[in-house]
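Hello,

Here is the structure I promised to pass on to you. My notes on it follow below.

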Amino acid sequence: MDCIFCKIIKGDIPSKVAYEDEYCYAFHDINPQTPTHILVVPKEHIPSCDGISAENSIYVAKIFEAIPKIAAAEGLANGYRVITNCGDDACQTVKHLHFHLMGGRKLPENMG
Ligand code: AMP
Ligand code: ZN
């Protein structure tokens, strides 16, 4: 499958890893929008939030177990934001579910 994040998980495309376990892979966004901007992705290809089901939701649960560990390791003691874009109206550009973990400065209240 021609999926850039599947290739990153496999190591076929280089990335700067932040965290990895059996279920998820986290790496630094190539175009960071905040001082810390990490993408956390399931190791199984799930296209977006719309693809989450009873069969694969363990990946999402494990991602959200990992996120506080990643945030702590990155020094985000004062808080952080987790965002996922789903579909065209949200401007999802990579069709492999991913959670943006963003922080390192005070973020704007307005979410869109
Ligand atoms: P989204 O717009 O929510 O689909 O987010 C996709 C994100 O993937 C963007 O923030 C991009 O900067 C990021 N991205 C795309 N290609 C790469 C890559 N090769 N390595 C790291 N981040 C990437
Ligand atoms: Zn994929």
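Is Cys3 buried or exposed? Before the answer, please keep in mind that this is a predicted model. Cys3 has a relative accessibility of 5%, so Cys3 counts as buried.

The zinc ion (ligand 2) has Cys3 (SG), Cys6 (SG), His45 (ND1) and His96 (ND1) as its protein donors, at 2.1 to 2.3 Å. Angles of 103 to 116 degrees between the four donor atoms make the arrangement tetrahedral. Along the sequence, the spacing of the donor residues reads C-x2-C-x38-H-x50-H. Cys3 sits in the segment before helix H1 (4-10), while His96 belongs to the loop between strand E4 (81-83) and strand E5 (99-103), so this pair ties together parts that are 93 residues apart in sequence. His96 is buried too, with a relative accessible area of 0%.

The largest pocket holds about 490 Å³ of space. It is lined by 25 residues, and Phe5, Asp29, Ile30, Leu39 and Val94 are the closest to its centre. H1, strand E2 (24-28), strand E3 (36-42) and E5 each give two or more residues to this lining, with the largest share, three residues, coming from H1. By type, the lining of the largest pocket comprises 13 nonpolar, 10 polar and two charged residues.

The second largest pocket has a volume of about 150 Å³. Its lining includes Tyr80, Arg81, Met102, Arg105 and Lys106, and divides into four nonpolar, four polar and three charged residues.

Finally, the salt bridges: there are four in the whole structure, and here are some notes on them.

- Lys43 and Glu20 pair with an N to O distance of 2.8 Å. This bridge links distant parts of the chain, with Lys43 in the loop between E3 and helix H2 (57-73) and Glu20 in strand E1 (residues 17-20), 23 residues apart. Lys43 counts as partly exposed at 28% relative accessibility, as does Glu20 at 45%.
- Lys62 and Glu65 form a salt bridge at 3.9 Å, N to O. They are three residues apart in helix H2, and therefore separated by about one helical turn. Lys62 is partly exposed at 23% relative accessibility, and Glu65 is partly exposed at 46%.
- Lys10 bridges to Asp12, with the closest N and O atoms 3.7 Å apart; both residues are exposed.

Best wishes

Note on methods
Residues are numbered from 1 along each chain as its sequence is written. Chains are lettered from A and ligands numbered from 1 in the order in which they are written. This is a predicted model: local features need pLDDT of at least 70, side-chain atom pairs count only at pLDDT 80 or more; totals for chains, interfaces and linings use all residues. Side-chain values use heavy atoms; hydrogens and water are left out. Donors are N, O and S atoms within 2.8 Å of the metal (3.2 Å for Na, K and Ca); water is not among the atoms, so sites may look incomplete. Four donors count as tetrahedral if all angles lie between 85 and 135 degrees; four count as square planar and six as octahedral if opposite donors are over 155 degrees apart and all others between 65 and 115; anything else is irregular. Helices (H or I, at least four residues) and strands (E, at least two) are DSSP runs, numbered from the N terminus. Buried means under 20% relative accessible area, exposed over 50%, partly exposed in between (1.4 Å probe, protein chains only). On a 1 Å grid over the protein atoms alone, a cavity is a set of points where a 1.4 Å probe fits but cannot get out, and a pocket is an open set with protein on both sides within 12 Å along at least five of seven lines; lining residues have an atom within 4 Å of a point. Grid points are joined across faces, edges and corners, and a volume is the space filled by probe spheres set on the points. Ala, Val, Leu, Ile, Met, Phe, Trp, Tyr, Cys and Pro count as nonpolar, Asp, Glu, Lys and Arg as charged, and the others, Gly among them, as polar. A salt bridge is a side-chain nitrogen of Lys or Arg within 4 Å of a carboxyl oxygen of Asp or Glu.
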